[in-house]
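Subject: Structure for you to look at

Hello,

Here is the structure I promised. Please open it and keep it beside this email as you read.

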Amino acid sequence: MNGKISTLAQLRILLESMEQDLGLSKLSPNERDLLYAAQSLSNDSNEFIRSDDLRNHPLLKSMTQPTYYRSLKRLLELGFIEPPSGKKTGLYRVNFGIVAE
């Protein structure tokens, strides 16, 4: 078990380093989880995903509804997630242009 915890610690350090490199460290853990869930559902296709599908993602199951909507609002304000033009709610996609690569 000690080896598994050590490996997990190394992965966590790597994740934090990558988040800093991509400019994601300014986001709260809930905002990052929502962004990761959106990316996971879009499968790099950059297709729009339904809010219901996003809300039911395993990473967000324990997130309260107010926290979900607060995090979604902030990601929209910062431009990390965007709705289709002409629409305000219901469909979203990750804005790859804002995330440093």
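Below is what was found in it.

First, the ground rules. This is a predicted model, where local features need pLDDT of at least 70, side-chain atom pairs count only at pLDDT 80 or more, and totals for chains, interfaces and linings use all residues. Residues are numbered from 1 along each chain as its sequence is written, and side-chain values use heavy atoms, with hydrogens and water left out.

Now the layout. The chain has 4 helices and 3 strands. Both are DSSP runs numbered from the N terminus: helices are H or I with at least four residues, strands are E with at least two. From the N terminus, the order is α-α-β-α-α-β-β. The C-alpha atoms fill a box of roughly 50 × 30 × 25 Å along the principal axes.

Next, the inside. Of the 101 residues, 29% are buried (under 20% relative accessible area; exposed is over 50%, partly exposed in between; 1.4 Å probe, protein chains only). The largest nonpolar core has 17 residues. Such a core is a set of buried Ala, Val, Leu, Ile, Met, Phe, Trp, Tyr and Cys residues joined through side-chain atoms within 4.5 Å. Leu34, Leu35, Leu54, Leu60, Tyr68, Leu75 and Ile81 touch the most other members. Helix H2 (29-42), helix H4 (65-78) and strand S3 (91-94) each give two or more residues to this core. H2 gives the most, with 4 residues.

Methionine 18 is partly exposed, at 44% relative accessible area.

Best wishes
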